[in-house]
Amino acid sequence: MTPEETQTETREVLLAPFDLLEGISESARAKTAETFLELLGARVRNPNTRSAYRVAWRAFLGFCSARGLELERVKAYHVGSWLDQHPGSRSTQRQHLAAVRLLFDSLLMRGVVEYNPAARARPPRLVRESSLTPVFEEAEIVTFLDSISLESLKDIRDKAIFSVLLYSWCRVSALINLTIADYYERGGTRWLRFQEKRGKEHEVPVHSKAKEAVDLWLERSYLASNQSAPLFPSFGKNRKTIELRRLDRRSVLKLVEKRAKASGILKRVCCHSFRATGVTEYMNSGGTIEIAQRIAGHTSPATTRIYDRSGDRLTLDEIERVQIGKK
């Protein structure tokens, strides 16, 4: 991110809510602006986290401005009150509280506030036994992929995208950052090199069906020789011309939703549905949680278990044993 982009983003964060706060000295205002510059330009490096934290800061500053509350007067119960009226899920509330804690930590270091009130606010408890991510049933994912006709170059690219998401279990942010060079051969096998969270590099062998889809895409797109190009670039407005520009996460989500609707899938699905479906089908086929953890790139097997929905079928079978009014 360039200094100009950082300053623009800072102005967006400080837009309206901070300007409405009365009684703030020019010194405190300048130090607060410097704090946001430091957070956005240096401390929060992941663009997805930066975007989420920006939303949190704007929401909290809006809460303060609505109450005429200066940052140096914010107490722990104010942060708690903000969380009580927060419209997001528990996981979003926890993330936004982390953003506000980071903000006050930085303000404390610059002498704008005397203590960090967010450090004393308790986050909402979050206990998950399974992911809320919707999963494709086996017949649904088969229908989803088979419904792509491959008549156009864009169709071929889309099927390659969905195949990589399904068979490599990658996050969409890792998918859109792939370059041609990240699809490489080692020991006679094709591999994909993903750039994951916190700068982690994760390599996964490519499933035969994903390889077939990606190879067809590279053959038809003539991109294979351009090693620095995005593996899955965007198309121009005519949907025929390839632009060497990366897709963004929202664009991929729109592709998923559009293809799901076209294939007759009525339930809500998202990019992460492919990851959850891949883990579930792997476990249904007799896979182990330890290997699933390695493929998914999870630090803890507990995280992988959250995505595993293979037990749902067993549970349903057991529930159906209850036969009332039948002989």
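A residue counts as buried under 20% relative accessible area, as exposed over 50%, and as partly exposed in between. With that in hand, welcome to this predicted model. Glu203, with a relative accessible area of 32%, is therefore partly exposed, whereas Ser273, at 0%, is buried.

**Salt bridges**

The count of salt bridges comes to 14. Three of them are set out here.

| Pair | Closest N to O |
|---|---|
| Asp158 and Arg259 | 2.9 Å |
| Arg193 and Asp182 | 3.1 Å |

Arg193 of strand S2 pairs with Asp182, which sits in the loop between helix H9 and strand S1, so parts 11 residues apart in sequence are tied together. Both of these residues, Arg193 and Asp182, are buried. Arg193 also meets Glu203 of strand S3, so this pair ties together parts that are 10 residues apart in sequence.

Asp158 in helix H8 and Arg259 in helix H11 link distant parts of the chain, 101 residues apart. Asp158 and Arg259 are buried too. Shared partners join Lys154, Asp155, Arg157, Asp158 and Arg259 into one salt-bridge network.

**Helices H12 and H13**

How do H12 and H13 pack? Their axes are 10 Å apart, at an angle of about 155°. Angles over 145 degrees count as roughly antiparallel, and H12 is therefore roughly antiparallel to H13. The crossing is right-handed. Arg275, Tyr282 and Met283 of H12 touch Ile289, Ile291, Ala292 and Ala296 of H13; these contact residues divide into 6 nonpolar, no polar and 1 charged.

Helix H12 also holds Ser273. Beyond its neighbours within four places in sequence, Ser273 is in contact with Thr133, Pro134 and Phe136.

Technical notes:
Residues numbered from 1 in each chain as written. Predicted model: local features only at pLDDT ≥ 70, side-chain atom pairs only at ≥ 80, totals over all residues. Heavy atoms only, no water. Axes fitted to C-alpha atoms, helices over the stretch in contact; angles between N-to-C directions. Helix = DSSP H or I, 4+ residues; strand = E, 2+ residues; numbered from the N terminus. Parallel < 35°, antiparallel > 145°, perpendicular 65-115°, else oblique. Left-handed = near helix turned anticlockwise from the far one by under 90°. Contact = heavy atoms within 4.5 Å. Nonpolar A, V, L, I, M, F, W, Y, C, P; charged D, E, K, R; others polar. Buried < 20%, exposed > 50% of the residue type's maximum accessible area, 1.4 Å probe, protein only. Salt bridge = Lys/Arg side-chain N within 4 Å of Asp/Glu carboxyl O.
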